[in-house]
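Please walk through this model with the sequence and the 3D view side by side.

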Amino acid sequence: MSNQPPYGNPPGGGGYPPGGGYPPPPGGGGYPPPPGGGYPPPGGGYQGGGGGYPPPGGGGYPPPPNGNKTKTFGMAYNTAAMLCYLLPCLCCANVIFCIIWLATEPKENRFVRFHALQGLLLFGVHFIIGIILRIFGAGVAIGTSGSDMLAAGGSVVYLIISVVVGLTFLVLYIMGMVKANQGQWWKLPVIGNIAEKNS
């Protein structure tokens with residue numbers, strides 16, 4: 001009789017289960033999956049069971065300086081910038097906030113410093129024009145003291161100019177508050193460029 005094993009049963013007996021079949025590849029018995037399932041990408045980025053790739057440095061990206069809040073009062077940047085355009089009739093609160101932000105905020109916080117300087121310059125222009133209007137009103141009153149018609153006419157002209165100037169600055173302050181609250185670099189003519197260069 002022949003010594004050849006039966007057809008389909010390789011030497012060592014039993015077919016494919018252990019003890020038979022082809023030997024495993026050299027170097028360690030196949031490719032069992034690592035604990036936690038799946039195969040790690042090159043460099044070991046995947047942490048078994050950790051849920052994704054960890055951020056660099058182990059602890060995430062550092063937050064922006066002071067969490068996007070001002071050093072004084074801890075206000076959000078857009079809120080701090082908005083306060084620079086409060087109406088001057090509110091005890092000059094806009095001037096106080098402008099000076100505080102310019103004195104305490106670092107150079108890196110250009111957004112708040114820009115609005116603080118622009119708000120301060122806007123108040124300065126408003127203040128100077130207010131003084132000019134008062135001098136004009138006093139001149140009109142003195143110059144027309146001898147005639148009721150001239151006095152009435154001068155008063156009307158003074159009133160119209162005062163209303164126009166007052167409404168113009170009111171619109172500018174409101175626009176400044178809205179734009180700053182929206183986080184926009186809203187620039188006024190002339191004083192906006194000065195604020196941008198020096199903030």
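The paragraphs below start with the whole chain and then turn to its parts.

This is a predicted model, in which local features need pLDDT of at least 70, side-chain atom pairs count only at pLDDT 80 or more, and totals for chains, interfaces and linings use all residues. Residues are numbered from 1 along each chain as its sequence is written, and side-chain values use heavy atoms, with hydrogens and water left out.

The protein chain has five helices and zero strands. Its pattern along the sequence reads α-α-α-α-α. Helices here are DSSP runs of H or I with at least four residues, strands are runs of E with at least two, and numbering starts at the N terminus. Of the 199 residues, 24% count as buried. Buried means under 20% relative accessible area, exposed means over 50%, and partly exposed lies in between, with a 1.4 Å probe and protein chains only. The chain exposes about 13300 Å², and carbon and sulfur atoms supply 69% of that area. Accessible areas come from the Shrake-Rupley method with a 1.4 Å probe; for residues, only the protein chains shown count as cover. Among contacts with a separation of 6 or more, 60% join residues 24 or more positions apart. A contact is a pair of heavy atoms within 4.5 Å.

Now look inside. The largest nonpolar core has 26 residues. Helix 3 gives the most, with six residues. Such a core is a set of buried Ala, Val, Leu, Ile, Met, Phe, Trp, Tyr and Cys residues joined through side-chain atoms within 4.5 Å. Tyr85, Trp101 and Leu122 have the most contacts inside this core. Leaving aside neighbours within four places in sequence, Tyr85 touches Leu122, Tyr173, Gly176, Met177 and Ala180, among others.

Helix 4 has 34 residues and reaches 49 Å from first C-alpha to last, close to the 50 Å expected at 1.5 Å a residue. The expected span is 1.5 Å times one less than the number of residues. Its buried residues are Gly154, Val165, Phe169, Tyr173, Gly176, Met177 and Ala180. They pack against helix 1 (77-82), helix 2 (93-104) and helix 3 (110-143).

What nonpolar patch is on the surface? Leu159, Val163, Leu167, Leu170, Ile174 and Val178 form it, with about 490 Å² of accessible area together. Patches take residues with over 30% relative accessible area and no salt bridge; like charges are joined within 9 Å, and nonpolar side chains (Val, Leu, Ile, Met, Phe, Trp, Tyr) within 5 Å. Val163 sits in helix 4 (residues 148-181). Val163 counts as partly exposed because its relative accessible area is 42%. An α-helix has 3.6 residues a turn, so residues three or four places apart point the same way.

Just after helix 4, Gly183 takes a positive phi of about 80 degrees. Two non-glycine residues also deserve a look. Phe73, in the segment before helix 1, has a positive phi of about 70 degrees. Cys91, in the loop between helix 1 and helix 2, has one of about 55 degrees. Phe73 is exposed at 55% relative accessible area, and Cys91 is exposed at 71%.

Glu196 and Lys187 form it, at 3.0 Å from N to O. Glu196 is partly exposed at 33%, and Lys187 is partly exposed at 37%.

Technical notes. Salt bridge = Lys/Arg side-chain N within 4 Å of Asp/Glu carboxyl O.
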